Structure formats: C-alpha cells, structure tokens
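Take a moment with the model shown here.

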Amino acid sequence: MRVLILLFCLLVGGVAHAQPAAPLDDGLAQHLLNRLGYGPAPGEVARVRALGVQAWVDGQLVPPPMPPRLEARLRTLPVPEAALLRAIASPRQLEAVLVRFWLDYFKKEEAADAALRPHVLGRYADLRAAIGEHARGKNSERAAMEALLRHFVSAPSVSLQGATWRVWKATGGDQRAVLRQLLTSPEFLAPSQWNSMEKDGFRFVASAVRASGLVVDNVAPLMAFVRAPLSDADRAEFVERLATGRLALAPVQPHEYASSAPPLRAGVAGEVSQGTIAQPGPVLMAAPTPSAAAMAAARSQPAQPERLRTLLLDQKFLRY
C-alpha cells in the first residue's frame, strides 16, 4: 500500500510539474533577466514570459552548452575582454553572474575565472578549493551564503536567510539547490525587489549592448567604460557612440540566425571578422518555437538611435 501511495504521489507530482506555467508580466520577466543575467536582449522578455519562472530558472541552473564559435573566440581575447563578451553573448547568463560574484567575494584576480567557472553551480567546498581557498568552518560558509543572498536580494529577511541556510546545510552547500530555492522564493520575485539595485559600469555596459540588439565586432572599445565609474557625462558619451555606431557595431542580419539563436559577433582590435558567434537562448531547443522566432525577428531589427538613447539614458536603466 505504501508503494502504491508513493507511486500515486509521484504521478500526481509529475502531472502537476508538466502543467504549463502561467504567463508572467513584463516586470517580473525583466527582473529575472536582470538578476540572473545582464539584462534582456530584444525579444527575450516575451520569451521568458512564455517560459515561466521555474523553466527560466531551471534553464540557467542547467545551462545549455557554450556555442563552439563563441568558446573559440573567447580563447583569443584578454581575460577582461573575455569576461565582458561572456556577459554580453553567453547563453549561460547566470554562470557569468556567479563567476563575477565569487571572484569579487574571494578577492581573486580575473585570471582565476577558468578554474572557478566549472564549480559555480556545484558544491561550495569544490568551488572554494578550485581557487585555493581553505575551509574556515561553518561560520565562513554562513557568511558566504549571506553574501550570495544579498547579491540577489536587497535586504533579505531573517526568514529567507534561515530557509536558504537550511537548504545549504541539507545539501552540503550544493549551489544549484541553494539557488533554485532562492531564485524561486516569493521574496526574490516580489515587485519590491525589481530595480532595487544599482548597476556598476560593467553591468551597465553589458546590459546596454544586449539591449541594443546590435552586433559586437570588437569589445576592446567598450573596456574604457567598464574600468572607470561612469559619470553622467561618460554614460552620455557611451550611449551616443553606441547609438550612432561609433563602437564598431552593425545591424544583425536575419540570415545569421542559427535555430533559435540571436547572434553576436566579436573580435579584437585590428582583426578581420571571422564570422558570427551564435548565441542560443537560455533553454536548449531542438527547433525554433514561436517565441524564439519572435525573438529572432526582434533581434533582426535593432533599436533605432533615438529609441536607444531614450532607453539607455532613462534613470531606470541604471538599476536592475
């Protein structure tokens, strides 16, 4: 009888899990794209709305493989440029966010990202060991968990801290389990969290280029805006150069799409372009879906200069 009850529960749970998620509104979809990644590219808000919270989060916790062309291109770039290109072009957006968070938390140089990246969705002990950090007891793990929590939730409640810590302890610091609990929690998803954090220069530049829907031919000119704190004048200059194509940007052509993938193209200064880099969406698909097709259509028509200026110079774009 116990076996039958268990089978029934599993069947009911499976059926419930298979039900399509209720569509999200634009605000929540943008919140997910902003916090789990570096902001929406044209068409992505509609795609996330169609997928729902759980599917979008799971698609980043078990991310698609890196496009081979993008991986090959990243190997040719200096580490800081490669980090920016990942933020702009990688379909593994959450992974890129987490690598940057842990490098900052442990005060490691950017060169440590290659050792860190394979472990950001694994066990905390493995993550720490990969970059030469020694165990310092449970208190250090609790401090790491609280820092991770504050990175995604402004002013997390005692209740959320406790719930997240219980998952951390129960799973031995399994980051995928911890993040799934955190990123689907009502507190993280609440409207009070939307746009409650300020972007630094790196996030502003990455999110602006993603929002533009334009092809990146060369990430080197972007680095000057990433390294220094952006004043209003710096921001205005960057937006103007981005909007008028003075950062070696060109419109995406529809034939450049591979399956559901919006492309970005990058190179180093003085290099002749070797072709495009496919950037698939957050959930691996066998064939284009209507939402993916809409996304491709949106990316094939980059924002007009005036619309782009209006979007990027709005004070709201400085927050995520």
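The text below starts with the overall chain and then turns to its salt bridges.

This is a predicted model. The protein chain has 320 residues, and 48% of them are buried. Its secondary structure comes to 18 helices and two strands. The protein chain exposes about 14,900 Å². Carbon and sulfur atoms supply 59% of that area.

Now to the charged side chains. The count of salt bridges comes to 16. Three of these pairs are described here, including Glu 95 with Arg 117.

Start with that pair. The side chains of Glu 95 and Arg 117 form a salt bridge, with N and O 3.9 Å apart. The two partners are 22 residues apart and link distant parts of the chain. Glu 95 sits in helix 7, which covers residues 93-106. Arg 117 sits in the loop between helix 8 (113-116) and helix 9 (124-130).

Next comes Arg 309. Which residue does Arg 309 meet at 2.8 Å? The partner is Glu 240, and the 2.8 Å is the gap between the closest N and O atoms. Arg 309 lies in helix 18 (residues 305-313) and Glu 240 in helix 16 (residues 232-243). The pair therefore ties together parts that are 69 residues apart in sequence. Arg 309 is buried, with a relative accessible area of 18%. Glu 240 is partly exposed, at 28%.

Arg 309 also has a partner in its own helix. The side chains of Glu 306 and Arg 309 meet in a salt bridge, at 3.0 Å from N to O. Both residues belong to helix 18. They are three residues apart, so about one helical turn separates them. Glu 306 is exposed, with a relative accessible area of 53%.

To look back: Arg 309 forms a salt bridge with Glu 240 and another with Glu 306.

Conventions
Residues are numbered from 1 along each chain as its sequence is written. This is a predicted model: local features need pLDDT of at least 70, side-chain atom pairs count only at pLDDT 80 or more; totals for chains, interfaces and linings use all residues. Side-chain values use heavy atoms; hydrogens and water are left out. A salt bridge is a side-chain nitrogen of Lys or Arg within 4 Å of a carboxyl oxygen of Asp or Glu. Helices (H or I, at least four residues) and strands (E, at least two) are DSSP runs, numbered from the N terminus. Buried means under 20% relative accessible area, exposed over 50%, partly exposed in between (1.4 Å probe, protein chains only). Accessible areas come from the Shrake-Rupley method with a 1.4 Å probe; for residues, only the protein chains shown count as cover.
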